[in-house]
Amino acid sequence: MSPSEGTNPPEPPLNGELPAVAPQLRALRRRASLTLEAAARAAGLSPAHLSRLETGQRQPSLPMLLALARIYGTTVSELLGETVAERDAVLRASEMEPTEAGGWTYWQAGAPGRGMQALRVHVPHGSQGDIVRVHPGEEWLYVLKGRLRLRLGDTTHLLAPGDSAHFDSLTPHRIAAADHDGADFLFVHTLLQSPTAALCLGPTTPGETP
């Protein structure tokens, strides 16, 4: 993103259609009484980038959705415009709708608005392999299919189906599929318990492979 990007006028949404998440992002930011500049700064984005998310010119990644959900004091489900009448204890497979974010595909595996969020995730090979995450909370994952490469601090773990990991999210971490067919895993996190927490994203060491 060039420094002058923030001075360029927004472009119209592709095909004249506004993705469902775009107006929801804007509405929830306004509900939180945040200016575009303040929300973008808290999320580690430029105002121009957030504006493009709100006008449908860019699709947010899952880490961006998590960051904005905490800043706005809501859940990823609400950001995506998903609503449920009640917090049912059981979620049927037929009710799980896939969502694309940042190259990953994920399915809600629990009711929205809870203290923990459960997801079923598919990570293609090479997707977001260079993103390191650092944020408050805890994460637990269980590999269902394929092999997952989990980097925790300076240590890399190769997880096979049936392996699991439970770690403090303040430990710099990176998740990537080790096989070309990608990997599937269950993912439970407490990220949404702290709406004011900032999500820190950054590249790994230049030239380092996931």
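Is Tyr142 buried, partly exposed or exposed? Tyr142 counts as partly exposed, at 31% relative accessibility (buried is under 20% relative accessible area, exposed over 50%, partly exposed in between, with a 1.4 Å probe and protein chains only).

1. A word on the ground rules. This is a predicted model, where local features need pLDDT of at least 70, side-chain atom pairs count only at pLDDT 80 or more, and totals for chains, interfaces and linings use all residues. Residues are numbered from 1 along each chain as its sequence is written, and side-chain values use heavy atoms, with hydrogens and water left out.

2. Now the rings. The whole structure holds 3 aromatic pairs (Phe, Tyr and six-membered Trp rings with centres within 6.5 Å; planes under 30 degrees apart are stacked, over 60 edge-to-face, the rest tilted). Trp104 and Phe185 are edge-to-face because their planes stand at 80°, with centres 6.5 Å apart. This pair joins strand 2 (residues 104–108) to strand 10 (residues 183–189), 81 residues apart (strands are DSSP E runs of at least two residues, numbered from the N terminus). Both partners are buried: Trp104 has a relative accessible area of 5%, and Phe185 has 1%.

3. Trp140 and Tyr142 make a stacked pair, since their planes meet at 15°, with centres 6.3 Å apart. Trp140 is also partly exposed, with a relative accessible area of 31%.

Technical notes. Helix = DSSP H or I, 4+ residues; strand = E, 2+ residues; numbered from the N terminus.
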